[in-house]
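Subject: Structure handover

Hello,

Here is the structure for your files. Please keep it open while reading the notes below.

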Amino acid sequence: MKGVILHGGAGTRLRPLTFSGPKQLIPVANKPISQYVLEDLRDSGIRDIAIILGNVYPEKVINHYGDGSRFGVKITYIHQGEPKGIAHAVGLCKEFVAGDDFVVYLGDNLIQRGIEKYLNEFQSGEYDGYILLKEVEDPTRFGVAKFDDSGRLVDVIEKPKQPPSNYAVIGIYFFKPVVFDVIKELKPSWRGEYEITDTIRLMMKKGYRIGYSVIDGWWFDTGKKDDILQVNSIILDETMKREIRGEVIDSRIDGRVTIMEDTKVVNSTIRGPCIIGRSCLIENSYIGPYTSIGDNAKIIRSSMEYSIVLKGAIIEGIDRLEESLIGESAKLIKSHRRNAIKLHVGDYSEVIL
(Lines give C-alpha, C1' and ligand atoms only; values in the text may rest on other atoms or scores of the structure.)
Protein backbone atom coordinates (compact mmCIF):
# COMPACT_ATOMS: atom_id res chain seq x y z
CA MET A 1 0.00 0.00 0.00
CA LYS A 2 1.34 3.41 -0.96
CA GLY A 3 0.31 6.95 -0.07
CA VAL A 4 -0.13 10.08 -2.17
CA ILE A 5 -0.38 13.54 -0.56
CA LEU A 6 -1.69 16.36 -2.75
CA HIS A 7 0.25 19.49 -1.90
CA GLY A 8 -0.81 21.84 -4.71
CA GLY A 9 -3.49 24.47 -5.15
CA ALA A 10 -3.28 28.24 -5.10
CA GLY A 11 -4.77 28.77 -1.63
CA THR A 12 -6.57 31.93 -2.72
CA ARG A 13 -8.85 31.94 0.34
CA LEU A 14 -5.82 32.16 2.61
CA ARG A 15 -4.05 35.05 0.97
CA PRO A 16 -1.78 36.84 1.81
CA LEU A 17 -0.25 33.90 3.74
CA THR A 18 -0.16 31.79 0.59
CA PHE A 19 1.81 34.41 -1.33
CA SER A 20 4.89 33.15 0.51
CA GLY A 21 4.21 29.42 0.85
CA PRO A 22 1.70 26.62 0.23
CA LYS A 23 -1.41 26.52 2.37
CA GLN A 24 -0.65 22.99 3.55
CA LEU A 25 2.43 24.24 5.44
CA ILE A 26 0.42 26.64 7.59
CA PRO A 27 0.79 25.29 11.14
CA VAL A 28 -1.91 24.29 13.58
CA ALA A 29 -0.66 23.64 17.11
CA ASN A 30 2.79 24.50 15.70
CA LYS A 31 2.81 21.67 13.15
CA PRO A 32 2.15 22.05 9.39
CA ILE A 33 -1.25 20.78 8.35
CA SER A 34 0.21 18.35 5.82
CA GLN A 35 2.50 16.88 8.47
CA TYR A 36 -0.58 15.57 10.29
CA VAL A 37 -1.55 13.92 6.98
CA LEU A 38 1.90 12.36 6.52
CA GLU A 39 1.94 11.08 10.10
CA ASP A 40 -1.54 9.60 9.69
CA LEU A 41 -0.35 7.65 6.65
CA ARG A 42 2.76 6.50 8.50
CA ASP A 43 0.83 5.48 11.61
CA SER A 44 -1.51 3.45 9.38
CA GLY A 45 1.47 1.42 8.13
CA ILE A 46 2.18 3.30 4.89
CA ARG A 47 5.84 4.16 4.54
CA ASP A 48 6.21 4.82 0.80
CA ILE A 49 4.67 8.22 0.09
CA ALA A 50 4.57 10.57 -2.91
CA ILE A 51 3.98 14.29 -2.43
CA ILE A 52 2.44 16.05 -5.44
CA LEU A 53 3.85 19.56 -5.64
CA GLY A 54 2.12 22.61 -7.04
CA ASN A 55 3.66 25.85 -8.21
CA VAL A 56 3.44 27.77 -4.90
CA TYR A 57 6.96 27.56 -3.44
CA PRO A 58 7.37 23.79 -3.87
CA GLU A 59 10.93 24.14 -2.59
CA LYS A 60 9.54 24.94 0.88
CA VAL A 61 7.75 21.59 0.92
CA ILE A 62 10.95 19.77 -0.06
CA ASN A 63 12.96 21.70 2.53
CA HIS A 64 10.52 20.73 5.28
CA TYR A 65 10.08 17.03 4.49
CA GLY A 66 13.37 16.16 2.79
CA ASP A 67 13.62 12.47 1.95
CA GLY A 68 11.16 11.65 4.73
CA SER A 69 13.66 9.78 6.89
CA ARG A 70 13.19 11.99 9.94
CA PHE A 71 9.46 11.16 9.80
CA GLY A 72 10.05 7.44 9.36
CA VAL A 73 8.94 7.32 5.70
CA LYS A 74 10.35 7.44 2.18
CA ILE A 75 9.18 10.42 0.12
CA THR A 76 9.05 10.77 -3.66
CA TYR A 77 8.28 14.21 -5.12
CA ILE A 78 6.14 14.59 -8.24
CA HIS A 79 5.66 18.02 -9.82
CA GLN A 80 2.18 18.88 -11.06
CA GLY A 81 2.76 22.60 -11.53
CA GLU A 82 -0.46 24.32 -12.60
CA PRO A 83 -3.50 22.91 -10.77
CA LYS A 84 -5.48 20.82 -13.26
CA GLY A 85 -7.61 18.93 -10.81
CA ILE A 86 -7.28 16.08 -8.34
CA ALA A 87 -7.69 13.39 -11.01
CA HIS A 88 -4.87 14.94 -13.04
CA ALA A 89 -2.61 14.87 -9.98
CA VAL A 90 -3.53 11.23 -9.32
CA GLY A 91 -2.78 10.35 -12.92
CA LEU A 92 0.79 11.56 -12.49
CA CYS A 93 1.38 8.85 -9.86
CA LYS A 94 1.12 5.76 -12.08
CA GLU A 95 4.86 5.11 -12.18
CA PHE A 96 5.20 5.71 -8.45
CA VAL A 97 2.28 3.40 -7.58
CA ALA A 98 3.77 0.64 -9.78
CA GLY A 99 0.79 -1.70 -9.53
CA ASP A 100 0.10 -1.32 -5.80
CA ASP A 101 -3.08 -0.20 -4.07
CA PHE A 102 -2.82 3.37 -2.80
CA VAL A 103 -4.54 6.11 -0.83
CA VAL A 104 -4.87 9.72 -1.99
CA TYR A 105 -4.98 12.25 0.84
CA LEU A 106 -5.47 15.98 0.31
CA GLY A 107 -2.76 17.78 2.24
CA ASP A 108 -5.13 20.33 3.75
CA ASN A 109 -7.64 17.78 5.09
CA LEU A 110 -7.63 16.64 8.70
CA ILE A 111 -9.75 13.94 10.33
CA GLN A 112 -9.98 13.16 14.01
CA ARG A 113 -9.26 9.45 14.27
CA GLY A 114 -7.10 8.74 11.24
CA ILE A 115 -7.52 6.47 8.23
CA GLU A 116 -6.34 3.06 9.49
CA LYS A 117 -9.86 1.74 10.06
CA TYR A 118 -10.95 2.73 6.55
CA LEU A 119 -7.78 1.43 4.94
CA ASN A 120 -8.53 -1.99 6.43
CA GLU A 121 -12.12 -1.83 5.18
CA PHE A 122 -10.91 -1.02 1.66
CA GLN A 123 -8.41 -3.86 1.61
CA SER A 124 -10.75 -6.44 3.13
CA GLY A 125 -13.74 -5.57 0.97
CA GLU A 126 -12.24 -6.24 -2.48
CA TYR A 127 -13.16 -2.77 -3.67
CA ASP A 128 -11.69 -1.03 -6.72
CA GLY A 129 -12.20 2.33 -5.07
CA TYR A 130 -13.30 3.56 -1.65
CA ILE A 131 -14.38 7.02 -0.55
CA LEU A 132 -14.97 8.65 2.83
CA LEU A 133 -18.05 10.73 3.56
CA LYS A 134 -19.12 13.18 6.24
CA GLU A 135 -22.55 14.66 6.86
CA VAL A 136 -22.43 18.45 6.42
CA GLU A 137 -24.84 21.35 6.78
CA ASP A 138 -24.22 22.80 3.29
CA PRO A 139 -23.52 20.00 0.81
CA THR A 140 -23.68 22.38 -2.19
CA ARG A 141 -20.04 23.27 -1.48
CA PHE A 142 -18.78 19.71 -2.01
CA GLY A 143 -18.96 16.59 -4.06
CA VAL A 144 -22.05 14.81 -2.73
CA ALA A 145 -22.93 11.11 -2.55
CA LYS A 146 -26.19 9.74 -3.95
CA PHE A 147 -27.62 6.48 -2.63
CA ASP A 148 -30.40 4.15 -3.73
CA ASP A 149 -33.14 2.97 -1.37
CA SER A 150 -30.92 0.18 -0.05
CA GLY A 151 -28.11 2.58 0.87
CA ARG A 152 -25.87 1.57 -2.03
CA LEU A 153 -23.72 4.34 -3.48
CA VAL A 154 -24.92 5.03 -7.02
CA ASP A 155 -23.47 8.43 -7.92
CA VAL A 156 -21.23 11.29 -6.84
CA ILE A 157 -22.21 14.80 -7.93
CA GLU A 158 -19.89 17.81 -7.77
CA LYS A 159 -21.35 20.87 -5.99
CA PRO A 160 -25.00 20.14 -6.84
CA LYS A 161 -27.62 22.89 -6.63
CA GLN A 162 -30.09 20.29 -5.35
CA PRO A 163 -28.02 17.81 -3.30
CA PRO A 164 -29.26 14.21 -3.29
CA SER A 165 -27.98 13.84 0.30
CA ASN A 166 -26.10 15.71 3.01
CA TYR A 167 -23.05 13.45 2.73
CA ALA A 168 -19.98 15.22 1.37
CA VAL A 169 -17.06 13.40 -0.20
CA ILE A 170 -14.02 14.36 1.85
CA GLY A 171 -10.51 14.53 0.44
CA ILE A 172 -9.37 10.95 1.12
CA TYR A 173 -9.67 8.25 -1.55
CA PHE A 174 -8.50 4.62 -1.81
CA PHE A 175 -7.83 3.11 -5.24
CA LYS A 176 -6.60 0.06 -7.07
CA PRO A 177 -4.35 0.83 -10.08
CA VAL A 178 -7.28 0.38 -12.48
CA VAL A 179 -8.11 4.01 -11.73
CA PHE A 180 -5.32 5.12 -14.07
CA ASP A 181 -7.09 3.58 -17.06
CA VAL A 182 -10.27 5.42 -16.10
CA ILE A 183 -8.47 8.77 -15.68
CA LYS A 184 -7.19 8.49 -19.27
CA GLU A 185 -10.79 8.66 -20.48
CA LEU A 186 -11.70 11.82 -18.56
CA LYS A 187 -12.42 15.15 -20.17
CA PRO A 188 -11.95 18.49 -18.38
CA SER A 189 -14.94 19.83 -16.47
CA TRP A 190 -16.41 23.30 -16.94
CA ARG A 191 -13.67 24.49 -14.57
CA GLY A 192 -11.01 23.18 -16.93
CA GLU A 193 -9.99 20.53 -14.39
CA TYR A 194 -9.98 16.74 -14.32
CA GLU A 195 -12.37 16.00 -11.48
CA ILE A 196 -12.00 13.14 -9.03
CA THR A 197 -15.80 12.96 -8.78
CA ASP A 198 -15.95 12.32 -12.54
CA THR A 199 -13.38 9.57 -12.05
CA ILE A 200 -15.50 7.86 -9.40
CA ARG A 201 -18.67 8.23 -11.48
CA LEU A 202 -16.98 6.68 -14.51
CA MET A 203 -15.62 3.81 -12.42
CA MET A 204 -19.16 3.04 -11.22
CA LYS A 205 -20.51 3.33 -14.77
CA LYS A 206 -17.93 0.78 -15.93
CA GLY A 207 -18.97 -1.63 -13.21
CA TYR A 208 -16.05 -1.19 -10.83
CA ARG A 209 -16.91 -1.70 -7.18
CA ILE A 210 -16.84 1.53 -5.15
CA GLY A 211 -17.28 1.36 -1.38
CA TYR A 212 -17.72 4.07 1.22
CA SER A 213 -17.69 4.83 4.92
CA VAL A 214 -19.14 7.73 6.88
CA ILE A 215 -16.26 8.80 9.10
CA ASP A 216 -16.34 9.00 12.87
CA GLY A 217 -15.35 12.25 14.54
CA TRP A 218 -14.57 15.62 13.06
CA TRP A 219 -13.24 16.52 9.62
CA PHE A 220 -11.81 19.83 8.42
CA ASP A 221 -10.98 21.09 4.97
CA THR A 222 -8.65 23.84 6.17
CA GLY A 223 -9.10 26.22 3.26
CA LYS A 224 -10.11 29.32 5.23
CA LYS A 225 -8.80 31.24 8.22
CA ASP A 226 -11.74 30.35 10.46
CA ASP A 227 -11.28 26.64 9.69
CA ILE A 228 -7.61 26.81 10.63
CA LEU A 229 -8.30 28.63 13.89
CA GLN A 230 -11.02 26.13 14.80
CA VAL A 231 -8.92 23.04 14.11
CA ASN A 232 -6.01 24.66 15.96
CA SER A 233 -8.23 25.01 19.04
CA ILE A 234 -9.52 21.45 18.75
CA ILE A 235 -6.06 19.90 18.39
CA LEU A 236 -4.75 21.94 21.30
CA ASP A 237 -7.72 20.84 23.39
CA GLU A 238 -7.28 17.17 22.50
CA THR A 239 -3.49 16.81 22.57
CA MET A 240 -1.79 19.49 24.61
CA LYS A 241 0.11 18.58 27.77
CA ARG A 242 1.71 20.68 30.46
CA GLU A 243 5.40 20.74 29.57
CA ILE A 244 7.67 23.64 30.53
CA ARG A 245 11.08 23.44 28.89
CA GLY A 246 11.79 27.17 28.71
CA GLU A 247 12.52 29.73 31.43
CA VAL A 248 9.62 31.18 33.42
CA ILE A 249 10.29 34.33 35.49
CA ASP A 250 7.70 36.01 37.72
CA SER A 251 4.91 34.53 35.63
CA ARG A 252 1.79 32.40 36.04
CA ILE A 253 1.24 29.29 33.91
CA ASP A 254 -2.26 27.81 34.17
CA GLY A 255 -3.36 24.50 32.74
CA ARG A 256 -2.03 22.51 29.80
CA VAL A 257 0.67 24.76 28.41
CA THR A 258 3.70 23.62 26.39
CA ILE A 259 6.68 26.00 26.37
CA MET A 260 9.58 24.84 24.22
CA GLU A 261 13.34 25.18 24.71
CA ASP A 262 15.13 28.54 24.88
CA THR A 263 11.87 30.45 25.34
CA LYS A 264 11.67 33.05 28.09
CA VAL A 265 8.42 34.06 29.77
CA VAL A 266 8.72 37.19 31.91
CA ASN A 267 6.04 38.82 34.08
CA SER A 268 3.27 37.23 32.06
CA THR A 269 0.23 34.98 32.38
CA ILE A 270 -0.32 32.01 30.09
CA ARG A 271 -3.47 29.91 30.17
CA GLY A 272 -3.85 26.65 28.31
CA PRO A 273 -4.42 24.86 26.23
CA CYS A 274 -1.73 26.58 24.21
CA ILE A 275 1.75 26.04 22.82
CA ILE A 276 4.73 28.39 22.58
CA GLY A 277 7.60 27.42 20.29
CA ARG A 278 11.36 27.62 20.67
CA SER A 279 13.41 30.76 21.28
CA CYS A 280 10.41 33.02 21.92
CA LEU A 281 10.14 35.99 24.25
CA ILE A 282 6.86 36.56 26.10
CA GLU A 283 7.10 39.64 28.28
CA ASN A 284 4.48 41.62 30.24
CA SER A 285 1.78 39.84 28.29
CA TYR A 286 -1.27 37.60 28.56
CA ILE A 287 -1.55 34.54 26.32
CA GLY A 288 -5.01 33.02 26.56
CA PRO A 289 -6.43 29.61 25.65
CA TYR A 290 -6.33 28.11 22.16
CA THR A 291 -3.28 30.05 21.03
CA SER A 292 -0.27 28.71 19.15
CA ILE A 293 2.91 30.77 18.91
CA GLY A 294 5.65 29.72 16.50
CA ASP A 295 9.41 29.69 17.03
CA ASN A 296 11.36 32.94 17.47
CA ALA A 297 8.24 35.04 18.06
CA LYS A 298 8.17 38.03 20.42
CA ILE A 299 5.04 39.04 22.33
CA ILE A 300 5.59 42.16 24.42
CA ARG A 301 3.00 44.18 26.42
CA SER A 302 0.18 42.44 24.56
CA SER A 303 -2.73 40.12 25.16
CA MET A 304 -4.25 37.50 22.88
CA GLU A 305 -6.31 34.35 22.73
CA TYR A 306 -7.74 31.95 20.14
CA SER A 307 -5.03 32.91 17.67
CA ILE A 308 -2.12 31.55 15.67
CA VAL A 309 1.16 33.45 15.49
CA LEU A 310 3.66 32.11 12.98
CA LYS A 311 7.41 31.99 13.53
CA GLY A 312 9.40 35.19 13.76
CA ALA A 313 6.38 37.46 14.27
CA ILE A 314 6.64 40.45 16.61
CA ILE A 315 3.58 41.74 18.50
CA GLU A 316 4.09 44.71 20.78
CA GLY A 317 1.66 46.94 22.64
CA ILE A 318 -1.49 45.28 21.27
CA ASP A 319 -4.14 45.37 24.00
CA ARG A 320 -6.32 42.49 22.82
CA LEU A 321 -5.92 40.15 19.85
CA GLU A 322 -8.58 37.52 19.16
CA GLU A 323 -9.37 35.09 16.33
CA SER A 324 -6.26 36.19 14.47
CA LEU A 325 -3.82 34.48 12.14
CA ILE A 326 -0.51 36.37 12.10
CA GLY A 327 1.92 35.49 9.33
CA GLU A 328 5.59 34.59 9.46
CA SER A 329 7.87 37.50 10.49
CA ALA A 330 4.90 39.90 10.56
CA LYS A 331 5.01 42.91 12.90
CA LEU A 332 2.10 44.35 14.88
CA ILE A 333 3.35 47.30 16.89
CA LYS A 334 1.21 49.97 18.50
CA SER A 335 2.35 53.49 17.74
CA HIS A 336 3.32 55.75 20.65
CA ARG A 337 1.38 58.58 19.02
CA ARG A 338 -2.22 58.81 20.14
CA ASN A 339 -4.89 58.06 17.54
CA ALA A 340 -2.23 57.15 15.00
CA ILE A 341 -2.54 53.98 12.94
CA LYS A 342 0.32 53.04 10.63
CA LEU A 343 -0.18 50.10 8.29
CA HIS A 344 2.01 48.19 5.87
CA VAL A 345 -0.55 45.74 4.49
CA GLY A 346 -0.19 43.49 1.45
CA ASP A 347 -2.73 42.28 -1.08
CA TYR A 348 -5.73 40.34 0.27
CA SER A 349 -4.93 41.28 3.88
CA GLU A 350 -7.70 41.98 6.38
CA VAL A 351 -7.49 44.50 9.20
CA ILE A 352 -10.33 44.94 11.71
CA LEU A 353 -9.90 47.76 14.24
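The notes below cover the sheets, a helix, the cores and the aromatic rings.

This is a predicted model, in which local features need pLDDT of at least 70 and side-chain atom pairs count only at pLDDT 80 or more, while totals for chains, interfaces and linings use all residues. Residues are numbered from 1 along each chain as its sequence is written, and side-chain values use heavy atoms, with hydrogens and water left out.

Sheets

Helices (H or I, at least four residues) and strands (E, at least two) are DSSP runs, numbered from the N terminus. Two strands are paired if DSSP finds at least two bridges between them.

T258 has I275 in β20 as its bridge partner.

Another open sheet of 6 strands, also with parallel pairing, has the order β15-β18-β21-β24-β27-β30. Here β15 (247-249) and β30 (331-333) stand at the edges with a single partner strand each, so one side of each has no neighbour in the sheet. From one strand to the next the twist averages 5°, with axes taken as lines fitted to C-alpha atoms (for helices over the stretch in contact) and angles running from 0 to 180 degrees between N-to-C directions. β27 (residues 314-316) and β30 run parallel, joined by 3 bridges, and the bridge partner of I314 in β30 is K331.

Helix α7

Buried means under 20% relative accessible area, exposed over 50%, and partly exposed in between (1.4 Å probe, protein chains only). Helix α7 (residues 196-205) has 7 of its 10 residues buried, so it is largely enclosed by the rest of the structure. The buried residues are I196, T197, T199, I200, L202, M203 and M204. G207 follows α7 and has a positive phi, near 95°.

Nonpolar cores

A nonpolar core is a set of buried Ala, Val, Leu, Ile, Met, Phe, Trp, Tyr and Cys residues joined through side-chain atoms within 4.5 Å. The largest has 51 residues, of which V28, L110, I172 and F174 touch the most other members. Helix α8 (residues 225-239) gives the most to this core, with 6 residues. Apart from it lies another core of 34 residues, including I52, V104, V156 and L186.

Leaving aside neighbours within four places in sequence, V28 is in contact (heavy atoms within 4.5 Å) with I33, Y36, L110, I228, V231, N232, I235 and I308.

Aromatic rings

Rings of Phe, Tyr and Trp (its six-membered ring) pair if their centres lie within 6.5 Å; planes under 30 degrees apart count as stacked, over 60 as edge-to-face and the rest as tilted. By this rule there are 13 aromatic pairs. The rings of F147 and Y167 have centres 6.0 Å apart and planes at 80°, so this pair is edge-to-face. F147 lies in β9 (residues 143-147) and Y167 in β11 (residues 167-175), so the pair ties together parts 20 residues apart in sequence. F147 is partly exposed at 24% relative accessible area, and Y167 is partly exposed at 25%. Ring pairs also link F102, Y173, F175 and F180 into a cluster.

A charge sits over a ring if NZ of Lys or CZ of Arg is within 6 Å of the ring centre and within 35 degrees of the ring normal. K2 lies over the face of F96, 5.1 Å from the ring centre, and the charged end of K31 sits over the ring of Y36, 4.7 Å from its centre.

Regards
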